[in-house]
Amino acid sequence: MRIRIVLSMLALVAGLGTAVAAPAAADPGPVTAEDMAAADACYTWGRTLSQGASGDDVRQLQIRVAGYPGYGGVLAIDGQFGAGTKAAVTRFQQAYGLGADGIAGPATFAKLYELQDNDCTPVNFSYDELNNCNSDWSGGKVSAATAKANALVSMWKLQAMRHAMGDRPIVVNGGFRSVACNNAVGGATNSRHLYGDGVDLGAGSQGFCGLAKQARNHGFSEILGPGYPGHDDHTHVAHRSGQFWSAPSCGI
């Protein structure tokens, strides 16, 4: 069972107090041993992170805020805490009512611990949802490890998108495909599903156009939806080199 940080501790380390109308304080630092002990089984940050930092802990943070790059943006997941990462952290903090200073400290990490499961997937999405093809992520255009890692980033982008749309469930119809699985469904030979980052979404309560429009804010460089050939019955989101958005029936 994941060990959660209790709300009283979160309020304490964030300096929020109990008054509802009080403004959120900046995320304090440094991360203490007590903060680390409160983390869950997925990943524990051991220091406060701010612009200029680098390392795997920055990369882990970038994965989780990849859905907050701003309209049309894509956050580089490179382990370098630059201006883009600071902006993404700030948007994440704003989205959850935290002190929005772009510095990742105990309050920011506490929210991330709350949002992730023990396998590091966000709480509302799973590896199983993003792979209906096989059990080991093999047979695509990249290694199994890379395909699975790409899917994880897509899930965190979807988590951000879900929260922005009122935390209503997002229906996932499919994700990773091996070459064999892709051929079986008549997929394009260069489909992003072969790389693990392509995800097909059902209409759910948001509608195909609602999903396509919202995806523009959450780091998806490929968005295909109604009006694009073969996409009238789903919205497709993915990461690619260069931006390609096409959902003509949605005004995209």
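**Exercise 1.** In this predicted model, work out which hand the link of cysteine 133 and cysteine 181 has, and what the pair ties together.

*Solution.* Start with the torsion: with 85 degrees about the S-S bond, the link of cysteine 133 and cysteine 181 is right-handed. Cysteine 133 sits in the loop between α5 and α6, while cysteine 181 belongs to helix α7 (residues 179-184), so the pair ties together parts 48 residues apart in sequence. Then check the distance: the two sulfur atoms are 2.1 Å apart, and a disulfide needs them within 2.5 Å. Finally, cysteine 181 is partly exposed, at 24% relative accessibility.

**Exercise 2.** Find the hand of the disulfide of cysteine 209 and cysteine 250, then decide for each cysteine whether it is buried or partly exposed.

*Solution.* The torsion about the S-S bond is about -75 degrees, so this disulfide is left-handed. Cysteine 209 lies in helix α8 (residues 208-215) and cysteine 250 in the segment after β5 (244-246), so parts 41 residues apart in sequence are tied together. Now take the cut-off: buried means under 20% relative accessible area. Cysteine 250, at 8%, is therefore buried, whereas cysteine 209, at 26%, counts as partly exposed.

**Exercise 3.** Compare the span of helix α6 with the expected one.

*Solution.* Count first: α6 covers residues 144-164, which gives 21 residues.

Key: Residues numbered from 1 in each chain as written. Predicted model: local features only at pLDDT ≥ 70, side-chain atom pairs only at ≥ 80, totals over all residues. Heavy atoms only, no water. Helix = DSSP H or I, 4+ residues; strand = E, 2+ residues; numbered from the N terminus. Expected span 1.5 Å × (residues − 1). Buried < 20%, exposed > 50% of the residue type's maximum accessible area, 1.4 Å probe, protein only.
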